[in-house]
Amino acid sequence: FEHLQGPLLDVLGELSGAASAAVRSGAAAALGAAAGTTSEALVTRRVLPVLASLRGDRDEECQRYAAEAFAAVAEAHPTEGTTAHVAAQLDVLLDLRKPALTLAVVSALEGAGRCPGTAYCLHAARCLTAVALREVVAAASINGDMSLDGGGQLSAGQLITGGSRALGEALFTSVQSVLGSDDGTQGLHAVLSPALHALLSEDANFLDTSERGLAEAMLRDEDWQQKAAEVAAAKRGASSEKKKTYY
């Protein structure tokens with residue numbers, strides 16, 4: 001089967017340089033999808049270099065697809081080598097501090113929960129914690145409660161989303177996924193505890209009441225899975241009621 005992958009990757013490589021941003025985005029998505037059926041060696045040689053190029057694309061939507069594709073690659077091949085490459089690329093995207101890209105990376109990291117005990121799962125936990133802590137600093141700065149060295153406030157260009165509910169929900173969903181995969185060998189609870197504290201911060205509007213209760217249970221390292229199921233069921237019920245009211 002692998003001999004058929006070469007021509008496909010050739011085509012996707014050519015499409016990644018197309019004039020249309022939509023075509024380049026489609027190529028990024030296809031490369032991520034192909035990772036699951038492509039050997040790690042071939043992914044390293046043929047997929048990651050193309051995605052690295054798309055990561056630097058001038059179009060932000062294309063960058064978002066590249067971020068999702070990188071995560072898909074790491075999920076398909078969660079080894080130390082591939083994880084190190086993907087982590088470096090995702091860090092570059094996060095350092096751009098663009099809200100849509102940050103949201104895309106955080107949402108994509110939910111998949112690391114399907115790779116328990118791997119280098120990728122551990123990286124995802126560390127990355128989620130770093131983003132949560134960075135975001136709560138931005139939110140605190142907006143509220144005028146925190147300043148940078150020298151007493152200067154964070155500039156608008158340095159802010160991410162300042163406590164966005166969308167990012168809060170994505171962070172919390174991904175944290176639940178990764179923490180839920182913890183088998184005790186990687187110490188993920190200790191790694192993710194600062195992220196949970198950040199999500200509970202009064203400076204950011206990250207979580208609603210039910211989510212806050214769940215986050216507190218997760219911090220106490222209780223059997224929070226049952227509570228998570230109850231919160232999810234309540235949200236589905238609320239969503240269903242909204243649809244009934246609308247129609």
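**Exercise 1. Contact range and overall make-up**

Find what share of the contacts with a separation of 6 or more comes from residues 24 or more positions apart.

Solution. Contact means heavy atoms within 4.5 Å. In the protein, residues 24 or more positions apart account for 66% of the contacts with a separation of 6 or more. The model is predicted: local features need pLDDT of at least 70, side-chain atom pairs count only at pLDDT 80 or more, and totals for chains, interfaces and linings use all residues. Residues are numbered from 1 along each chain as its sequence is written, and side-chain values use heavy atoms, with hydrogens and water left out.

Next, take the secondary structure. Helices (H or I, at least four residues) and strands (E, at least two) are DSSP runs, numbered from the N terminus. The protein has 11 helices and 0 strands. Last, take burial. Buried means under 20% relative accessible area, exposed over 50%, partly exposed in between (1.4 Å probe, protein chains only). Of the 247 residues, 43% are buried.

**Exercise 2. The shape of α3**

Compare the end-to-end span of helix α3 with that of a straight helix, and locate the kink.

Solution. Helix α3 covers residues 40-55, 16 residues in total. The expected span is 1.5 Å times one less than the number of residues. A straight helix would reach 22 Å, but the end C-alpha atoms of α3 are only 20 Å apart. Now look for a bend, the angle between axes fitted to the seven residues ending at a residue and the seven starting there. A kink of about 35° lies at V47, shortly before the proline P49. V47 is also buried, as are L42, V43, L48, V50, L51 and L54 in α3.

**Exercise 3. Packing of α6 and α7**

Describe how α6 and α7 pack, and name the residues that meet.

Solution. Two packed helices are described by the angle between their axes and the distance between the axes. Helix α6 (residues 99-108) and helix α7 (residues 119-142) pack at about 145°, with axes 10 Å apart. Axes are lines fitted to C-alpha atoms, for helices over the stretch in contact, and angles run from 0 to 180 degrees between N-to-C directions. From α6, T102, V106 and A108 take part; they meet Y120, L128, V131 and R134 in α7.

**Exercise 4. A positive phi**

Where does R97 lie, and what is its phi?

Solution. R97 lies in the loop between α5 (80-95) and α6. Most residues other than glycine have a negative phi. Phi of R97 is near 55°, a positive value. R97 counts as partly exposed, at 30% relative accessibility.
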